[in-house]
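Welcome, and please open your viewer. We will go from stop to stop, selecting a few residues each time and looking at what is there.

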Amino acid sequence: MAPHDIRRPFKRAAISDQQKRRELSLLRQAQNRRDAQQQARCLASSILSLQSAAPESQPEQSDIELETVPEAEPESEAFSKDLDVRQASKLRGPEVRKWFARQLMLPEWMIDVPDRLAQDWYVFARPAGKRCFVVSSNGTTVSRQRNGSILHHFPSALPAGAKIRDGSGSAQSYCILDCIFHELDQTYYVIDMVCWNGYSLYDCTAEFRFYWLNSKLEESGACNAPSHYHKFRFSAVPVYNCDQSGLHAAYTGVVPYAKDGLLFYNKHALYQTGNTPLALVWKDENCSQYVIDTDGKGEIPSQQQVVLELQDDRKLVTSDDPPVLFGCLDGDIIEKVWF
Amino acid sequence: MEVTQVLFNAQSIDGTVRKNAEESLKQFQEQNLPGFLLSLSGELANEEKPIETRKLAGLILKNALDAKEQHRKFELVQRWLSLDATAKSQIKACLLQTLSSPVFDAHSTTSQVIAKVAGIELPQKQWPELIGSLLSNVHQIPAYAKQATLETLGYLCEEVSPDVIDQDQVNKILTAVVQGMSASEGNIDVRLAATRALYNALGFAQANFSNDMERDYIMRVVCEATLSPEVRIRQAAFECLVSISSTYYEKLTPYIQDIFNITSKAVREDEEPVALQAIEFWSSICDEEIDILEEYGGEFTGDSDVPCFYFIKKALPALVPMLLETLLKQEEDQDQDEGAWNIAMAGGTCLGLVAQTVGDDIVPLVVPFVEENITKPDWRQREAATYAFGSILDGPSPEKLTPLVNVALTFMLSALTKDPNSHVKDTTAWALGRIFEFLLGSAVDLPIITQANCQQIVTVLLQSMKDTPNVAEKACGALYFLAQGYEGEGEPSPLTPFFQEIVQSLLTVTHREDVGDSRLRTAAYETLNEVVRCSTVETAPLVLQLVAVIMMELHNTLESQKLSSEEREKQSELQGLLCGCLQVIIQKLGSSETTKYAFMQYADQIMGLFLRVFACRSATVHEEAMLAIGALAYATGADFAKYMPEFYRYLEMGLQNFEEYQVCAVTVGVVGDISRALEEKIVPYCDGIMTQLLKNLSSNQLHRSVKPPIFSCFGDIALAVGEYFEKYLMWAMSALQSAADLSTHIAGDDELVEYTNSLRNGILEAYSGIFQGFKNSPKTQLLIPYAPHVLQFLDGIYMEKDMDDMVMKTAIGVLGDLADTLGNHASSMIQQSVSSKDFLNECLSSEDLLVKESAQWAKLAISRAISV
């Protein structure tokens with residue numbers, strides 16, 4: 001006797017992997033289509049999907065802790081300075097890259113020892129990976145690299161970072177984190193906090209930002225293992241005072257990520273976009289794998305090659321992060337090279 | 001034309017004679033349809049003619065009125081309706097006359113033909129006298145004619161929808177049917193025909209079931225029929241009860257006690273076909289209550305139309321023992337027979353549904369049975385105990401089940417290796433799979449699998465894969481769910497240390513000598529796929545190694561030559577599985593930058609294999625290979641261009657495959673993947689692709705489900721090629737406009753609403769892609785003439801108030817795209833549209849975050865367009 005036409009004998013495997021494959025493919029295609037669409041839309045406005053981040057008039061949430069913070073400004077003002085949507089929308093191609101590069105605080109090379117290093121500075125080992133802005137808002141999280149391209153579009157446990165109907169986080173809440181995405185363990189290492197839960201930290205000192213970063217990030221659950229509503233793990237990096245033991249710890253200490261140099265942050269510095277002498281970077285072969293070229297066998301060739309970028313103003317710079325200015329070419333040479 | 005002889009010849013054993021006869025029938029039909037149908041109905045009616053030709057005449061008539069394919073059916077209906085009225089009434093007169101033929105084959109075929117004609121004419125308000133004339137003399141005619149009349153009524157009710165027959169006629173039909181069923185009717189065939197007719201007529205009896213007296217009467221007659229001495233009548237009567245249980249659940253309270261008594265007697269004592277229907281009654285009640293309770297628990301608390309009467313909960317103390325008894329009635333070798341369905345299987349299925357309906361309450365009723373039987377010497381008792389345990393794992397709370405499972409697990413693992421009976425092992429492996437399926441997920445905190453027992457579980461399952469094919473298949477299934485249980489857990493999966501061993505064992509299974517005749521090989525590959533899908537970053541290098549292994553397998557299938565047709569079929573099946581496996585691997589490795597990079601070394605070779613696979617003719621294989629290529633295109637990005645010259649013709653072939661529309665649908669999706677991967681490099685292929693897609697849209701032979709994705713695909717292409725889309729703009733826009741006009745209003749059932757929404761979504765995705773694609777191009781102004789229609793479409797669907805969240809999100813996004821691309825060219829148009837005000841505001845305050853996100857973007861784009 002044939003089975004009932006609607007009732008599948010449930011001891012027979014109910015799984016049809018073929019159907020599952022079809023559905024998963026459709027899901028992937030829908031996601032890719034959304035990403036492509038999203039990218040097209042974002043190219044229009046060149047923004048960080050932050051349109052809601054600057055609401056015209058939004059009643060301020062009262063947050064006792066934050067009110068004690070000196071000089072904490074409402075975030076809309078902080079944004080209107082830097083993230084002018086209308087202005088950025090006119091940018092195209094390389095302009096986009098420059099605009100995004102301008103949003104991040106970029107360190108200068110450390111070429112001498114600053115005064116009061118031990119008292120006024122922090123040090124930490126910089127994770128190797130992709131520097132990016134991670135923005136959570138409206139139930140989704142987007143990471144954008146310096147060139148403005150989207151690295152990931154994903155749900156996260158950051159405030160407003162995933163669509164979970166538990167009502168947590170108002171619609172206006174959002175976060176902007178300065179991160180490095182570390183491929184190997186698929187983790188976002190947060191090296192600075194620019195905005196948290198709708199509050200701007202641009203005008204807060206590094207000391208406060210790091211304190212806030214360490215307490216809030218953990219609290220949010222963003223450091224937890226990935227799950228359905230939290231695709232990538234976030235992690236703070238261990239930050240030390242720049243005394244001898246702190247330097248030693250940062251330089252030689254074991255961290256779960258590949259190191260790419262040491263970063264020094266002045267404790268009193270606000271988050272300043274672009275290059276600043278209040279953040280410094282140091283690299284040598286002990287703390288960075290990118291300091292020197294190796295060939296296929298892992299040996300160091302006798303001559304090191306350098307690729308230089310010739311800028312419009314005839315300046316020759318390295319493509320390091322940050323760039324190092326080598327000099328300036330005169331017009332003659334440029335013409336010779338050109339032909 | 002001497003139709004009798006031709007009909008004879010059409011059944012000849014001589015192929016040539018048969019072919020000639022079929023050819024002349026076809027010609028006759030094409031040249032003179034009314035004459036053709038008339039002579040067939042004449043043949044059918046003529047008592048002098050032989051049975052064979054009358055029967056065939058009836059069959060051909062039926063096929064001239066109905067077909068499976070939607071478009072063909074539509075054609076036939078139109079042709080019948082346009083026939084000359086005199087011819088039609090002559091044919092119908094012949095048919096009604098044949099209904100009282102004493103020859104069984106003649107009247108039985110005729111009743112189906114009449115129902116087909118009725119199915120066409122009644123909805124057109126034609127043939128109003130039909131039901132009256134069928135019923136006019138039902139009491140005076142001989143039994144065989146009465147039987148034919150009742151059968152006709154049954155088929156008729158199956159054919160037409162309740163709203164085309166008015167209540168007065170429904171009453172008459174029901175009266176005739178119920179009288180035919182009652183004990184006063186002496187003829188068994190008449191009673192059977194009446195009972196089967198009632199089954200179809202139940203859907204027409206809404207009003208009658210709302211009337212206590214009429215309902216009581218119908219229920220009494222049905223219940224009496226379940227006690228008939230004739231087994232076929234009892235079975236048909238129980239089928240009526242099953243249908244009543246779902247159609248009139250809310251009317252059952254007064255009868256449920258009696259029905260319980262009747263069904264439980266039938267389950268225990270009656271013949272199998274009857275007992276199966278009696279069990280089905282309770283399964284069907286479970287379905288109803290599960291649905292109702294789900295709605296109770298859902299967002300719209302208390303708004304359910306139908307209250308839950310908790311029949312199952314109330315019947316539980318008697319129902320569960322009855323079902324447990326059925327579990328002991330297993331058939332020997334039921335596990336080897338793919339299509340087996342018997343009392344034990346139906347009883348277990350019902351027990352599983354009861355567990356889902358009542359949850360924890362079932363546990364104390366089943367556990368004593370399990371404990372009592374699990375160690376008995378008779379395999380039937382051990383198997384039944386295990387089956388009962390496995391059946392109740394979905395429903396009760398994890399808190400209730402976990403302590404039991406923790407106790408049972410060790411016992412089950414040992415039974416799976418040591419029990420002497422294959423049925424017991426089969427069921428044990430299945431029950432383990434159920435444990436992993438329902439109790440592992442990340443939602444459950446209580447550990448069933450620990451570091452301590454994980455090793456043992458894996459070892460036992462892998463060992464069972466060497467057991468008989470049916471046990472091995474269930475062991476694969478258990479492993480499938482075990483792997484799934486750790487999907488997306490960030491931490492290292494406890495399965496990671498065993499990954500290599502698991503994969504190796506599964507590959508070994510696929511090479512078993514005896515793998516051919518069962519589902520085992522499929523199960524092994526499906527499990528391998530799930531293991532890969534759920535693997536973590538630690539095992540990525542091992543997944544990468546698997547690429548070469550599966551590629552080699554696929555290569556081998558392509559090398560073998562001179563196969564018998566049966567071997568070739570097996571070979572295609574295997575190729576399908578291997579392409580599916582590669583697809584899963586590509587998708588997995590392609591989803592992370594590091595693994596994607598490492599995988600790329602194989603891309604050329606894999607693509608080479610897929611291209612060879614296309615040379616073999618099998619729809620499933622093509623679909624699997626196509627899906628895999630989509631994943632590959634996504635992973636390779638623009639580099640995919642190098643495969644296009646060779647791949648293109650298979651892409652086109654896929655788009656032309658109307659017959660196997662799944663292949664067509666999948667190919668359309670892959671065009672999207674390739675567009676995103678190649679961007680403007682797809683331009684050289686666009687002419688061919690767009691031509692074919694437009695052709696597909698205008699075809700009425702292509703399954704309608706493929707059309708929404710085709711529109712979405714327009715969007716993908718437009719976004720990829722930008723202003724180059726100009727070439728197709730006029731055609732695409734015209735197709736979009738007519739589809740948009742059609743899909744603004746929905747009239748129809750849930751299925752149609754769902755389809756219309758998916759169509760709207762496709763159209764909107766196309767508009768989005770086109771607008772975004774033309775952005776910043778000097779040709780933007782080409783789109784301006786289309787803007788009013790797009791806005792009108794948005795306003796139209798907004799006014800209808802029946803779009804789902806998905807459409808809402810896409811629609812408001814289109815508003816933004818239009819504003820973004822056209823800027824101030826469209827600002828006044830936008831400001832005049834309803835969408836830019838009410839619709840936008842509604843979306844801005846939507847609960848759905850995706851809708852809201854799109855709306856915020858649209859708002860921004862509009863404000864920019866207006867202010868510039």
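How many nonpolar, polar and charged residues are in the lining of the largest cavity? Keep that in mind while you set up the view; what you see is a predicted model.

**First stop: the cavity.** Searching the whole structure turns up five cavities of 30 Å³ or more. The largest cavity holds about 130 Å³ of space. Select S493(B), L495(B), F499(B), C534(B) and S535(B), which are the closest to its centre among the 13 residues that line it. Now colour helices α24 (469-484) and α25 (499-510) of chain B: each gives at least two residues to this lining. As for the opening question, the lining has eight nonpolar residues, five polar ones and no charged ones.

**Next stop: F281(B).** Select helix α16 of chain B, residues 272-297, and find F281(B) in it. F281(B) counts as buried because its relative accessibility is 0%. Show its contacts beyond four places in sequence: L241(B), V242(B), S245(B), L252(B), I256(B), I259(B) and T263(B). Then pick C350(B), 69 residues away along the chain, whose C-alpha atom is 9.4 Å from that of F281(B).

**Then on to E624(B).** This residue is part of helix α31 of chain B, residues 619-636. Is E624(B) buried or exposed? E624(B) is buried, with 2% relative accessible area. Among the residues that E624(B) touches are Q18(A) and R21(A), along with G576(B), C579(B), G580(B) and Q583(B).

**Last stop: an annotated stretch.** Select residues 21-101 of chain B, listed in an unreviewed UniProt entry as "domain: Importin N-terminal". This stretch is 78% helix and 0% strand, and its end C-alpha atoms lie 27 Å apart.

How values were computed. Residues numbered from 1 in each chain as written. Chains lettered and ligands numbered in written order. Predicted model: local features only at pLDDT ≥ 70, side-chain atom pairs only at ≥ 80, totals over all residues. Heavy atoms only, no water. Helix = DSSP H or I, 4+ residues; strand = E, 2+ residues; numbered from the N terminus. Buried < 20%, exposed > 50% of the residue type's maximum accessible area, 1.4 Å probe, protein only. Contact = heavy atoms within 4.5 Å. UniProt positions renumbered as here; feature names shortened; annotations may be inferred. 1 Å grid on protein atoms, 1.4 Å probe; cavity = no way out; pocket = protein on both sides within 12 Å on 5 of 7 lines; lining within 4 Å. Points joined across faces, edges and corners; volume = space filled by probe spheres on them. Nonpolar A, V, L, I, M, F, W, Y, C, P; charged D, E, K, R; others polar.
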